[in-house]
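This report covers selected contacts, cores, aromatic pairs and helix packing in one model. The sequence and structure come first, followed by the text.

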Amino acid sequence: QAEDGIRERSPSRGLGDVYKRQKKGDIFADRGLVEEALVAYQVVPERYAAEAVLVENSHYKVAELIHESRGMDAAVSSYKSAITDVESRRFQAKTQLTIARLMFDEGKYEDAAAEYRVYLSAYPDQAVRLGFQEDKVLLRLGNCFQFAGQDKSASDPDGSQPLLDQGITHYERLLEEYPESPLREDAVFGLGFTHQVKGNNDQARSQFSRLVKDAADHAAAPNALMQLARIAFEEEDFGQAEDHYREFVERYADSKLVNSVHMELGLTYERMRKYPEAISSFGKIDENWEQWPKIQVKGAELHMALQQYGEAEAVLAKAMGRVQDQALKSQLHYMAGRINFVQQEYGPAIDELGKTLELSNSDEIVESALLARGSAHYELAKVHDTVGDKDASKISYEASLTDMQNLLDRAPGPYIKDSAYRTLGASMISLGRVGEAAEYYDELIADTKEVQEQATFR
């Protein structure tokens, strides 16, 4: 009512009407009626241009709704249109930052860097007001080029280098020009990590060590210590890696990275052939951690290496009840089959390996399971031979032949192929099909050009 008393009614119907328009847009948006919501929001800038705050708010609501319904490109176009339509420098600067952040969140790192540069050059007068000054922009630019280079490093190593170099340049500029910035430690970590991606381990180690030493309580310090351990592991300095991981556990036991550290420390012990220590480290991993089931496969392998078959079976049984992923479940069944096999429990081994083959789409797992199940059938046939059960023996030999032939049809690697040929030939001979076996090997000798394979077949 007060507004209507001081305004001409022709350009304004009062603030109450503006709020109604926005509320109407909110209701439409909540119901998923995108077009109706956009119409309601867009009325505000058209009819109530004098209400600056409400107009700006409407522009943001329109852009956010467009982002949800039409994607990033359409949202960016809407934000840029808002910058053109609204004269407020503060609004323009804030919206420019929003565009840059949106592109960064969508993984468009180089485009985000370009937008941050627009902000840096076009709105220096708004930086203090928005709390987004040059040191913060430099950090974001460093992040943009670091992530862009990291994404490209696998597919285009050479093309990633200029991007990573730009990241280093921006981090170094922040450290040089803003020595008192509260973002200094973040820049040190970013600088170290970018050098690590480039393969400059000495430079990376220098920055990470500096951060751990000078700012041990900073949020990035645990990650820096973890990266020091990873560099040592990569360089096969496993003793140094162990020291770093153990230091992490002692200093940052409450860190969200601690499960990863326990896992990597276990892998380090494995490389050092300290299997009991590796098993102990794996055992400290929180069972609710997403990687926990996968680690149980590794733990079972280590128990097997120590001939602790009961413990290996217990580990797998515990994990089996927690796993939904078929690929991982197939690995657990494969490990269970291997454990049965080494304990000469061939029937249960055949059952477990059969479950592996039902679940797995991995060539490596399928080929290994076919070889193991075919071998189990062969060993079971020999057991039947021992007790004079010829009918059962024949069935098992035939099953072994089938698995080995199916395996060879997949053209496996040399080691698996050699084992398959040997078992297949032995099964044929045991079935009294000596002539057939000889003809089979003659054909293989004629078909192969590999000297070593020819020697094996002969």
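## Contacts, cores and packing

Leaving aside neighbours within four places in sequence, Lys284 is in contact with Asn259 and His262. The model is a predicted one. Lys284 sits in the loop between α16 (275-283) and α17 (292-305). Its C-alpha atom is separated by 6.7 Å from that of His262, and the two residues are 22 residues apart along the chain. Lys284 has a relative accessible area of 55%, which is over 50%, so Lys284 counts as exposed.

Phe282 belongs to the largest nonpolar core, which holds 56 residues. Within this core, Phe189, Phe208, Leu211, Phe248, Phe282, Ile285 and Leu316 touch the most other members. Helix α13 (residues 221-234) supplies the largest share of the core, 8 residues. A second, separate core has 26 residues, among them Ala75, Ala93, Ile99 and Phe132. As a general background, nonpolar side chains tend to be buried together in soluble globular proteins.

Phe132 is also part of an aromatic cluster, together with Tyr116, Tyr119 and Tyr123. Across the whole structure, a search finds 12 aromatic pairs. In one of them, Phe233 and Phe238 have ring centres 5.3 Å apart and planes at 65°; because this angle is over 60 degrees, the pair is edge-to-face.

| Residue | Relative accessible area | Class |
|---|---|---|
| Phe233 | 25% | partly exposed |
| Phe238 | 12% | buried |
| Lys284 | 55% | exposed |

Phe238 falls under the 20% limit and is therefore buried, whereas Phe233, at 25%, is partly exposed.

The remaining topic is the packing of two helices. The axes of α17 and helix α19 (residues 326-342) come within 10 Å and cross at roughly 15°. An angle under 35 degrees counts as roughly parallel, so this description applies to α17 and α19. Their crossing is left-handed. On the α17 side, the residues that meet α19 are Pro293, Lys294, Val297, Ala300, Glu301 and Met304. Their counterparts in α19 are Leu328, Gln331, Leu332, Met335, Arg338, Ile339 and Val342.

Methods
Residues are numbered from 1 along each chain as its sequence is written. This is a predicted model: local features need pLDDT of at least 70, side-chain atom pairs count only at pLDDT 80 or more; totals for chains, interfaces and linings use all residues. Side-chain values use heavy atoms; hydrogens and water are left out. Rings of Phe, Tyr and Trp (its six-membered ring) pair if their centres lie within 6.5 Å; planes under 30 degrees apart count as stacked, over 60 as edge-to-face and the rest as tilted. Buried means under 20% relative accessible area, exposed over 50%, partly exposed in between (1.4 Å probe, protein chains only). A nonpolar core is a set of buried Ala, Val, Leu, Ile, Met, Phe, Trp, Tyr and Cys residues joined through side-chain atoms within 4.5 Å. Helices (H or I, at least four residues) and strands (E, at least two) are DSSP runs, numbered from the N terminus. Contact means heavy atoms within 4.5 Å. Axes are lines fitted to C-alpha atoms, for helices over the stretch in contact, and angles run from 0 to 180 degrees between N-to-C directions. Angles under 35 degrees count as roughly parallel, over 145 as roughly antiparallel, 65 to 115 as roughly perpendicular and the rest as oblique. A crossing is left-handed if the near helix is turned anticlockwise from the far one by less than a right angle, and right-handed if clockwise.
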